[in-house]
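Here is a short briefing for a reader new to this structure. Look over the sequence and the model, then read on.

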Amino acid sequence: MSELNHSLYNDFPEHRSQIEKLKNENPLFAEKAAEYHKLDHSVRGLQMSEIPASDHRFEEMKMRRLKLKDELYQMLM
């Protein structure tokens with residue numbers, strides 16, 4: 001499994017300033033970005049540890065992270 005950091009800044013480096021602006025000015029974007037960050041941190045933690053997680057739960061977490069990333073990207077455009 002990949003241990004790649006999927007932070008918004010890593011995945012969308014060309015939008016770094018827009019991400020910062022929206023996090024400061026748009027409460028909905030800030031809320032979704034915080035949820036995304038927390039979920040990404042949890043997914044990476046599970047990937048790097050020996051902590052057992054059900055495949056179903058892990059896949060749900062990854063799908064939620066992907067959905068959030070799509071929503072955040074749409075807000076950036």
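A nonpolar core is a set of buried Ala, Val, Leu, Ile, Met, Phe, Trp, Tyr and Cys residues joined through side-chain atoms within 4.5 Å. The model shown is predicted. Its largest nonpolar core has 15 residues. The protein chain has four helices and zero strands.

**Overall layout**

- The elements run α-α-α-α from the N terminus on.
- The protein chain has 77 residues, and 31% of them are buried.
- Its accessible surface comes to about 5,400 Å². Carbon and sulfur atoms hold 54% of that surface.
- Among contacts with a separation of 6 or more, 68% join residues 24 or more positions apart.

**The core**

- Within the largest nonpolar core, the residues with the most contacts are Leu8, Ile19, Phe29, Leu72 and Leu76.
- Each of the helices α1 (8–11), α2 (16–25), α3 (27–48) and α4 (55–76) supplies at least two residues of this core.
- Leucine 8 touches Pro13, Ile19, Ala33, Tyr36 and Leu72, leaving aside residues up to four places away in sequence.

**A salt bridge between helices**

- Side chains of opposite charge can pair when their charged atoms come close.
- The structure holds eight salt bridges.
- One of them joins lysine 69 to aspartate 11, with the closest N and O atoms 2.2 Å apart.
- Lysine 69 lies in helix α4 and aspartate 11 in helix α1, so this pair ties together parts that are 58 residues apart in sequence.
- Lysine 69 has 16% relative accessibility, and the cut-off for buried is under 20%, so lysine 69 counts as buried.
- Aspartate 11, at 23% relative accessibility, counts as partly exposed.

- Arginine 57 forms a salt bridge with glutamate 60, and their closest N and O atoms are 3.9 Å apart.
- Both arginine 57 and glutamate 60 lie in helix α4, three residues apart, which is about one turn of the helix.
- Arginine 57 is partly exposed, at a relative accessible area of 47%. Glutamate 60 is partly exposed too, at 39%.
- Lysine 62 and glutamate 59 meet through their side chains in a salt bridge of 3.3 Å, N to O.
- Lysine 62 and glutamate 59 are three residues apart in helix α4, so about one helical turn separates them.
- Lysine 62 has a relative accessible area of 25% and is partly exposed. Glutamate 59 is partly exposed at 39%.

**A network**

- Salt bridges also link Lys32, Lys67 and Glu71 in a network.

How values were computed
Residues numbered from 1 in each chain as written. Predicted model: local features only at pLDDT ≥ 70, side-chain atom pairs only at ≥ 80, totals over all residues. Heavy atoms only, no water. Buried < 20%, exposed > 50% of the residue type's maximum accessible area, 1.4 Å probe, protein only. Contact = heavy atoms within 4.5 Å. Areas by Shrake-Rupley, 256 points an atom, 1.4 Å probe, with all protein chains shown as cover. Salt bridge = Lys/Arg side-chain N within 4 Å of Asp/Glu carboxyl O.
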